[in-house]
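These are my notebook entries on one protein structure. I set down what I looked up and what I found.

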Amino acid sequence: MIPPTQAGGPDIAAHPALDIPEDASVDVSSVLQESQIMEVLQKLDQELVGLKSVKTRIHEIAALLLVDKMRRSLGLAARPPSLHMSFTGPPGTGKTTVAMRMATILHRLSYVRKGHLVAVTRDDLVGQYIGHTAPKTKEVLKRAMGGVLFIDEAYYLYRQENERDYGQEAIEILLQVMENQREDLVVILAGYKDRMETFFQSNPGISSRIAHHLDFPDYALDELLAIAQLMLAEYMYRFSPEAQEAFEAYLKRRMHMPRFANARSVRNAIDRVRLRQANRLFAKGGRISKTDLMTIEAEDILASRVFSEEMTDDEPQRDSITQHQPS
């Protein structure tokens with residue numbers, strides 16, 4: 001009989017696991033402490049309101065990578081899993097924040113070298129003339145290596161109706177890297193759920209490489225109120241009881257108006273409220289107490305044009321990056 005090594009099979013005798021006794025063990029607490037991923041997971045839970053299913057999946061991925069790390073320490077095979085992801089949902093639901101935390105987790109568990117996040121859109125990848133797309137795409141991939149590449153509104157990469165569009169070239173380069181260098185780069189594609197589904201149907205090569213699909217739903221009213229409270233606490237402000245009621249009324253109206261973007265719109269509203277509070281206190285003059293400086297009153301909220309039947313100007317004009325309603 002030909003020995004396995006001579007037949008081209010695995011060299012069983014040289015397998016590192018055979019040098020480690022089966023009763024060997026590794027302490028989970030020590031690995032957790034060394035990696036410090038619990039700190040990242042706890043921060044994610046604190047930063048983001050709701051999103052239970054998303055947080056559960058991130059915890060599951062972290063557990064898988066942690067176990068793989070322990071397996072390697074005991075000489076067991078631990079084939080790096082594919083971690084390319086799709087984040088779907090409306091704007092302002094935390095997709096970019098989760099991507100940033102994911103990059104940190106991957107780095108602390110030695111899946112990627114650097115753990116940074118490079119966020120791009122179609123304009124960063126696709127050129128406007130022949131020979132322009134490949135260098136643009138490769139430059140972005142070079143910057144992202146060792147971390148996470150977050151492509152917002154990924155469906156704009158593919159424009160089937162335009163035969164002269166160069167997005168397909170960017171997709172082909174991206175596919176090669178997603179397959180051949182997945183141990184040093186995780187790609188996250190993000191956008192509206194229905195458009196992403198159409199994009200995947202048109203690009204089965206990309207769809208087959210996505211291991212995790214996470215859906216980020218719109219926030220409910222109580223969740224938006226909780227987000228507002230977190231933002232106020234971050235800036236060391238607080239609502240008066242009357243302001244709390246006024247802001248709830250504001251959100252009920254704003255949620256049904258154009259361009260509402262969940263937590264992003266809440267942040268914009270809080271910024272406007274702070275401006276109104278500052279103007280009110282400035283006009284008041286005299287001595288202003290610490291309590292005055294910290295407290296948002298109902299009048300600071302009720303002055304919003306949302307309370308008229310017209311469209312509000314409380315939302316700033318979107319720039320070229322956000323004009324397609326990104327995450």
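**Entry 1: salt bridges.** With which side chain does that of Glu179 meet in a salt bridge? I found that its partner is Arg209, at 3.5 Å from N to O. A salt bridge here is a side-chain nitrogen of Lys or Arg within 4 Å of a carboxyl oxygen of Asp or Glu. Glu179 lies in helix H7 and Arg209 in the loop between helix H9 (204-207) and E5, so the pair ties together parts that are 30 residues apart in sequence.

The terms are set as follows: buried means under 20% relative accessible area, exposed means over 50%, and partly exposed lies in between, with a 1.4 Å probe and protein chains only.

Before going on, I noted the ground rules: the model is predicted, local features need pLDDT of at least 70, side-chain atom pairs count only at pLDDT 80 or more, and totals for chains, interfaces and linings use all residues. Residues are numbered from 1 along each chain as its sequence is written, and side-chain values use heavy atoms, with hydrogens and water left out.

A search of the whole structure gave nine salt bridges. One of them joins Arg113 and Asp184, with the closest N and O atoms 2.8 Å apart. Arg113 lies in the loop between helix H4 (95-108) and E2, and Asp184 in the loop between helix H7 (167-180) and strand E4 (186-191), so this pair ties together parts that are 71 residues apart in sequence. Asp184 is buried, at a relative accessible area of 19%. I also recorded the salt bridge between Lys284 and Asp292, at 3.5 Å from N to O. Asp292 counts as partly exposed, at 25% relative accessibility.

**Entry 2: the whole chain.** I counted 14 helices and seven strands in the protein. Helices (H or I, at least four residues) and strands (E, at least two) are DSSP runs, numbered from the N terminus. Of the 327 residues, 44% count as buried. I noted that 76% of the contacts with a separation of 6 or more are between residues 24 or more positions apart; a contact means heavy atoms within 4.5 Å.

**Entry 3: the sheet.** In what order do the strands of the open sheet of five stand? The order is E2-E3-E4-E1-E5, with parallel pairing. Two strands pair if DSSP finds at least two bridges between them. Strand E2 (117-120) and strand E5 (212-215) stand at the edges with a single partner strand each, so one side of each is left without a neighbour in the sheet.

I went through the pairs. E2 and E3 are joined by four bridges, and Leu117 has Val148 as its bridge partner in E3. Five bridges join E3 to E4, where Phe150 has Ile188 as its partner in E4. Strand E1 (residues 85-88) is joined to E5 by four bridges, and the partner of Met85 in E5 is His212.

I then asked how strand E3 (residues 148-152) is covered. Five of its five residues are buried, so it is largely enclosed by the rest of the structure. Val148, Phe150 and Asp152 point one way from E3, and Leu149 and Ile151 the other way. In a regular strand the side chains alternate between the two faces of the sheet.

**Entry 4: the cores.** Which residues touch the most other members of the largest nonpolar core? Among its 59 residues they are Ile58, Phe87, Leu106, Phe239, Phe247, Val266 and Ile301. Helix H3 (residues 52-73) gives the most to this core, with seven residues. A nonpolar core is a set of buried Ala, Val, Leu, Ile, Met, Phe, Trp, Tyr and Cys residues joined through side-chain atoms within 4.5 Å.

Entry 5: Last, I looked up Tyr192, which lies in the loop between E4 and helix H8 (193-202). Tyr192 is buried, with a relative accessible area of 18%. The C-alpha atoms of Tyr192 and Ala154 are 9.4 Å apart, while the two residues are 38 residues apart along the chain.
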